[in-house]
Amino acid sequence: MPIGLQDYTVEETSTEWTLYHNDFSLCSRKVRICLHETGLDYESKHIDLIETGKYEVASKEFLKINPSATVPVLLHNGRPIYESHEQIKYIFNHKRVSEVNEQNNIQIEVDYWTEKASMVGNPVKEHKKYAGNTIGPLTFPLFATMLGYVSIVEILKGLIMHPIKQRVLIFLMLKIFGINFLKQRPIKKLIQSAFNDLNNHLNELESKLSSSNDKWLIGDNFTIADISWAVILHRLEECGWSDLLFKNKTFVKAYYAEIKKRPSFVKGIVDQSNPNLEKGICDLKNYIKHNLFLKSIHKKLDESIR
Ligand SMILES: N[C@@H](CCC(=O)N[C@@H](CS)C(=O)NCC(=O)O)C(=O)O
């Protein structure tokens, strides 16, 4: 699948910017924060994922926008830009929001931290390279609780409609077995290794933050690197991993607290919630407190990074 801005249109439109996105999707959140940071006006088109109710992302209409059946997709005058890390780069370059773009050494660092936080290719692979790819497996517990509110018929439809059947099968298992799906040995191992790899990425983030007096990750301007990390730190909080992963990382904690004060974070994430997400988070919190199996996973992972 090609990435970045394409040289064809997928939609006749008089709107300059259109964002196809989902309330819960981490990559969509990234692009929403970016659009709010830059103040660009955009037409919002919400597309459901199975977690928020149905496979609209695999509908005939949406496959014309993105044959890969994923969100977000940003359209600039009807031309699609694929991959969220390309979209945020494109928006910042278009707006030239900060002077960061003109300073080469800073740009190299911004690119490094943005790439590290990106979700690239298959999310169950390359966890040592991309912190963003660890997020899929680490979201399994929340997927399981959210799917409690989704009809199994909607998931089964995905087996016919969705181009990536492996994803549908994982969601079907999560629907059938709920949290118990995580007891499967390969799944447990996948979560364990994603957790450890992400902890290493966060340790690197902690040393980067502690080694400078900059206001943000690179310098005093809020860049696409900060946006890319904002959504990861937020996802860890909503999945209940932050208590373990932020422990002893005082700079990461303080950095995230500052991120949460940004109006773009409030508009792009907090104000854009979703009923299934809220119920799923609430159920997951209860599980983490009371479910013996989840409690034991948390304990084991906690010990693994001490
Ligand atoms: N690498 C892509 C990842 C896109 C992606 O996987 N999006 C998820 C939501 S975060 C999605 O649309 N999933 C649809 C599905 O699995 O059915 C990006 O950064 O834009």
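This note goes through the sheet, the ligand shell, the domain contact and a few individual residues.

1. The model is a predicted one, in which local features need pLDDT of at least 70, side-chain atom pairs count only at pLDDT 80 or more, and totals for chains, interfaces and linings use all residues. Residues are numbered from 1 along each chain as its sequence is written.

2. An open sheet is formed by 5 strands in the order S1-S5-S4-S2-S3, with mixed pairing; helices (H or I, at least four residues) and strands (E, at least two) are DSSP runs, numbered from the N terminus, and two strands pair if DSSP finds at least two bridges between them. Strand S1 (4–5) and strand S3 (43–46) are at the edges with a single partner strand each, so one side of each has no neighbour in the sheet. Strand S2 (residues 17–21) pairs with strand S4 (residues 73–76) in the antiparallel sense over 4 bridges, and Leu-19 has Leu-74 as its bridge partner in S4.

3. Helix H1 (residues 26–38) packs on this sheet, where H1 touches S2 and S4 and runs in a direction that makes about 150° with that of S2. Helix H3 (residues 84–95) also packs on the sheet, touching S1, S4 and strand S5 (79–82), and the direction of H3 makes about 120° with that of S5. Contact is taken here as C-beta atoms, placed from the backbone, within 7 Å, while axes are lines fitted to C-alpha atoms, for helices over the stretch in contact, with angles from 0 to 180 degrees between N-to-C directions.

4. The ligand is surrounded by 15 residues, of which the closest are Ser-25, Cys-27, Thr-70, Ser-84 and Arg-167; a residue is near a molecule if its C-beta atom, placed from the backbone, lies within 6 Å of it. H1 and H3 are the elements that give two or more residues to this shell. The shell comprises 9 nonpolar, 4 polar and 2 charged residues, where Ala, Val, Leu, Ile, Met, Phe, Trp, Tyr, Cys and Pro count as nonpolar, Asp, Glu, Lys and Arg as charged, and the others, Gly among them, as polar.

5. The domain assignment, whose bounds come from an automatic or database source, gives domain 1 (4–95) and domain 2 (129–304), and their centres, taken over C-alpha atoms, are separated by 22 Å. The contact takes 22 residues from domain 1 and 32 residues from domain 2. On the side of domain 1 that touches domain 2, H1 and H3 each supply at least two residues, and H1 gives the largest share, 8 residues. By class, that side has 10 nonpolar, 4 polar and 8 charged residues.

6. Some backbone features deserve a check. Val-71 and Pro-72 are joined by a cis peptide bond with omega of about 5°, and Pro-72 is found in the loop between helix H2 (60–65) and S4. Asn-77, in the loop between S4 and S5, has a positive phi of about 50° although it is not a glycine. Asn-77 counts as exposed because 12 C-beta neighbours are inside 10 Å; a residue is buried with 20 or more other C-beta atoms within 10 Å of its own, exposed with 12 or fewer, and partly exposed in between, the C-beta atoms being placed from the backbone.

7. Glu-238 is in helix H10 (residues 224–238) and is partly exposed, with 19 other C-beta atoms within 10 Å. Not counting residues up to four places away in sequence, Glu-238 touches Leu-142 and Ile-281.

Definitions and conventions
Contact = placed C-beta atoms within 7 Å.
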